[in-house]
Amino acid sequence: MAWVALLLAGVLEVVWAVGMKYTQGFTRLWPSVMTGVAALLSIYLLAQAIKVIPVGTAYAVWTGIGVIGTVVFGILLLGESASVFRMLCLVLIVAGIVGLKILTPA
């Protein structure tokens, strides 16, 4: 269950990271509210996950999901670059996340 909480925390991190773009510096009410709620829920779920999962592993996975998701949404929604080198960096992040998951006791 801790890994599910961590996955959801990572997804919510993507929501608030991308959401910040739409807040226009927290000057738009509803995007700002949604971003704030997503951030609080993300941190809450991360805190629940680290009750079971080692903090270093959980934090690395949480930020990794956030980075990957934010880059993908930046490419798909915001027209950001999808260069070969950026994609290679994403592959390295995924490899690190998978490695941490494999090497962390259940």
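Contact here means that heavy atoms lie within 4.5 Å. The model is predicted, so that local features need pLDDT of at least 70 and side-chain atom pairs count only at pLDDT 80 or more, while totals for chains, interfaces and linings use all residues. Residues are numbered from 1 along each chain as its sequence is written, and side-chain values use heavy atoms, with hydrogens and water left out.

**Exercise 1.** Determine which residues Glu13 is in contact with, and what its charge is paired with.

*Solution.* Begin with the location: Glu13 is found in helix H1, residues 2–23, helices being DSSP runs of H or I with at least four residues, numbered from the N terminus. Next, leaving aside neighbours within four places in sequence, Glu13 is in contact with Ser42, Trp62, Thr63 and Gly66. Finally, Glu13 is buried (under 20% relative accessible area, with exposed over 50% and partly exposed in between, for a 1.4 Å probe and protein chains only), yet Glu13 has no salt bridge, and the nearest side chain of opposite charge, Arg86, is 14 Å away. Lys and Arg count as positive and Asp and Glu as negative, with His and the chain ends not counted.

**Exercise 2.** Find which residue forms a salt bridge with Arg86, and state how exposed each partner is.

*Solution.* Apply the criterion, a side-chain nitrogen of Lys or Arg within 4 Å of a carboxyl oxygen of Asp or Glu, by which the count comes to 1 salt bridge. Glu80 forms a salt bridge with Arg86, the closest N and O atoms being 3.9 Å apart. Glu80 is partly exposed at a relative accessible area of 35%, and Arg86 is likewise partly exposed, at 29%.

Notes
Helix = DSSP H or I, 4+ residues; strand = E, 2+ residues; numbered from the N terminus.
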